[in-house]
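Please look over the sequence and the model below before reading on.

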Amino acid sequence: MTSRSCFRTLAIGAWLLTSTASALAAQCGTGTFESWLDDFKKEAATKGISQNAIQAGLAGVTQDKAILARDHSQQVFSQTFEQFSSRMVPPRLNRGSDMMKRYGSVLSRIEEAYGVPGEILVAIWGLETDFGVNTGKFPTIRSLATLAYDCRRSDMFKAELMDALRIVERGDLPPQEMRGAWAGEIGQTQFMPSSYIKFAVDFDGNGKRDLLHNVPDVLASTANYLKSYGWKKGKGWEPGSENFAVIQQWNKSEVYAKTIGYFATQLAKAP
């Protein structure tokens, strides 16, 4: 076979695979949720996700219209930095200082590995879930499936749902334990499944990347996220700095990013 013929054969094969995947692709908002979910299961299989993970993750999943109501009624964040930081930081400062002490050796090892200081990690941890107390109660897979079926941001949430199944497949978390915020964020620092897949690390070496229960994994994975976006070791995080821009990759709101930095600075000053 000539190289030209080989290329043409490969091209035809690729076209057939693409056509098959397109035919199997679940189309948002068409038909019932149940028929959409059946199509999604077929599409997940074409992307290499095992039947075991598909069945474990999606068996019995139903639509949650309360999630759609939340998504469609989101309001623009309007608090000033002074309002938000004064509400969020003082009630968490003492506990944050305690966490700095309790996990001091872990935080030191994480900073050595990723270059991100403990104060930043503990500030994010406190602001996101009150240090793991309020991780959310919404079934993650149900939320993501509901948002993927809706046509508002279907492609984004379909991709997140695929990654949620990959979390199940690699054994990090069973689907029944995957509960979090209404839009699919999961864990003690609220990772979307795509970020979980990219950045979660098994810092304590127990064979799982567990961002719901395992504090060393939570903090190290958060550091890995920030390092991946360019955190500069040993540098400050004041607004306008390179590290502040990295914090804004965590949360694009300037008010939220400034509050993380302010909280971290207060922790650094704590006795």
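This is a predicted model: local features need pLDDT of at least 70, side-chain atom pairs count only at pLDDT 80 or more; totals for chains, interfaces and linings use all residues.

Phe131 has a relative accessibility of 6%, and because buried means under 20% relative accessible area, Phe131 counts as buried.

**Phe131 and its neighbour**
- Phe131 sits in the loop that runs between helix α8 and strand β1 (138-139).
- The phi of Phe131 is near 60 degrees, which is a positive value in a residue other than glycine.
- Most residues other than glycine have a negative phi.
- Asp130, which comes just after α8, also takes a positive phi, of about 55 degrees.

**Helix α8**
- Helix α8 covers residues 118-129, and its 12 residues reach 16 Å from the first C-alpha to the last, close to the 16 Å expected at 1.5 Å a residue.
- Of the 12 residues of α8, 11 are buried, so the helix is largely enclosed by the rest of the structure.
- Among the buried residues of α8 are Gly118, Glu119, Ile120, Trp125 and Thr129.
- The buried residues of α8 pack against several other helices, namely α5 (81-88), α6 (90-102), α7 (104-114), α12 (215-228), α13 (242-250) and α14 (254-269).

**Gln190**
- Gln190 lies in the loop between strand β2 (179-180) and helix α11 (193-199).
- The phi of Gln190 is near 65 degrees, a positive value in a residue other than glycine.
- With a relative accessible area of 15%, Gln190 is buried.

Terms used. Residues are numbered from 1 along each chain as its sequence is written. Side-chain values use heavy atoms; hydrogens and water are left out. Helices (H or I, at least four residues) and strands (E, at least two) are DSSP runs, numbered from the N terminus. The expected span of a helix is 1.5 Å times one less than its number of residues. Buried means under 20% relative accessible area, exposed over 50%, partly exposed in between (1.4 Å probe, protein chains only). Contact means heavy atoms within 4.5 Å.
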